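Please look over the structure shown below, and then read the briefing that follows.

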Amino acid sequence: MVGKYQTRHRAVPFLKDVISQHHYQLIFDELRPKTIIDLGTAFGGSAVWFADRVPDAKVVTFDLEDARADECKHHPRVVFSRTDISDADSVRQVLEHCPHPWLLSEDCHVDASIVLRTFAPLLRDGDYVVFEDTHPCNPDVAGNHADCDAYRCGEWSRAKLANVRAAMS
């Protein structure tokens with residue numbers, strides 16, 4: 001969690017700490033996803049990382065803004081959709097022909113109930129959903145790292161985890 005704001009893949013920030021990278025690799029090995037859905041594109045580093053780690057998967061990444069680095073814009077297996085994920089019909093149209101199993105990676109920081117309301121009707125048995133940034137050691141302020149004088153953690157991530165739990169109950 002501490003070094004996530006320092007991580008890069010192909011020189012593009014991808015904001016995944018080593019523990020998360022390891023957990024994703026375990027999921028890749030078990031699930032063998034055919035489609036990886038990345039919610040919250042930002043620079044596109046995660047989408048490119050997913051595509052490079054799982055060469056048989058299609059990667060579809062959603063965001064409201066297009067801030068992608070060229071590496072993401074030109075990756076042959078990354079599809080970008082400038083879509084509000086609360087618009088379930090638009091999301092369905094983008095994903096309706098994507099093969100399962102799916103790995104849905106939420107890193108867009110919207111209310112978990114919106115994510116689940118939009119995607120639950122599209123998911124099948126065996127698909128995985130990952131809500132990122134729910135570990136209590138996740139930094140409370142974007143950009144914080146172990147060398148920051150004002151490093152704080154736990155408050156923001158615990159609130160997000162509580163939101164996820166509430167949405168799933």
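The side chains of glutamate 71 and arginine 10 meet in a salt bridge, with N and O 2.3 Å apart, a salt bridge being a side-chain nitrogen of Lys or Arg within 4 Å of a carboxyl oxygen of Asp or Glu. This pair links distant parts of the chain, since glutamate 71 belongs to helix 3 (residues 70–73) and arginine 10 to the loop between strand 1 and strand 2, 61 residues apart. The model is a predicted one, in which local features need pLDDT of at least 70 and side-chain atom pairs count only at pLDDT 80 or more, while totals for chains, interfaces and linings use all residues. Residues are numbered from 1 along each chain as its sequence is written, and side-chain values use heavy atoms, with hydrogens and water left out. Helices (H or I, at least four residues) and strands (E, at least two) are DSSP runs, numbered from the N terminus.

**Salt bridges**

- Side chains of opposite charge can pair when their charged atoms come close.
- By the rule given above, the count comes to five salt bridges.
- Arginine 10 is partly exposed, with a relative accessible area of 41%, where buried means under 20% relative accessible area, exposed over 50%, and partly exposed in between (1.4 Å probe, protein chains only).
- Aspartate 52, at 24%, and glutamate 71, at 29%, count as partly exposed too.
- A further salt bridge joins the side chains of glutamate 96 and arginine 92 (3.5 Å, N to O); glutamate 96 is partly exposed at 45%, and arginine 92 is partly exposed at 34%.

- An open sheet of five strands has the order 5-4-3-6-7, with parallel pairing, and two strands pair if DSSP finds at least two bridges between them.
- Strand 5 (78–82) and strand 7 (128–131) stand at the edges, each with a single partner strand, so one side of each is left without a neighbour in the sheet.
- From one strand to the next, the twist averages 15 degrees, where axes are lines fitted to C-alpha atoms, for helices over the stretch in contact, and angles run from 0 to 180 degrees between N-to-C directions.
- Strand 3 (residues 35–39) and strand 6 (residues 102–106) run parallel and are joined by five bridges, and leucine 39 has glutamate 106 as its bridge partner in strand 6.

**Helices across the sheet**

- Helix 1 (residues 18–31) lies across strand 3, strand 6 and strand 7, and it runs at about 160 degrees to strand 6.
- Helix 4 (residues 88–95) lies across strand 3, strand 4 (58–63), strand 5 and strand 6, and it runs at about 160 degrees to strand 4.

**Nonpolar cores**

- In soluble globular proteins, nonpolar side chains tend to be buried together.
- A nonpolar core is a set of buried Ala, Val, Leu, Ile, Met, Phe, Trp, Tyr and Cys residues joined through side-chain atoms within 4.5 Å.
- The largest nonpolar core has 18 residues, of which Tyr24, Phe28, Ile36, Phe50, Val59 and Leu103 touch the most other members.
- Helix 1 and helix 2 are the elements that give two or more residues to this core, and the largest share, five residues, comes from helix 2.
- Apart from this core lies another, of 15 residues, among them Ile37, Phe62, Ile85 and Phe131.
- Leaving out residues up to four places away in sequence, phenylalanine 28 touches Pro33, Ile36, Trp49, Phe50, Arg53, Val54 and Leu103, where contact means heavy atoms within 4.5 Å.

**Backbone details**

- Most residues other than glycine have a negative phi, and most peptide bonds are trans.
- The peptide bond from histidine 100 to proline 101 is cis, with omega near 5 degrees, and proline 101 is found in the loop between helix 4 and strand 6.
- Arginine 32, although not a glycine, has a positive phi of about 50 degrees; arginine 32 lies in the loop between helix 1 and strand 3 and counts as exposed at 58% relative accessibility.
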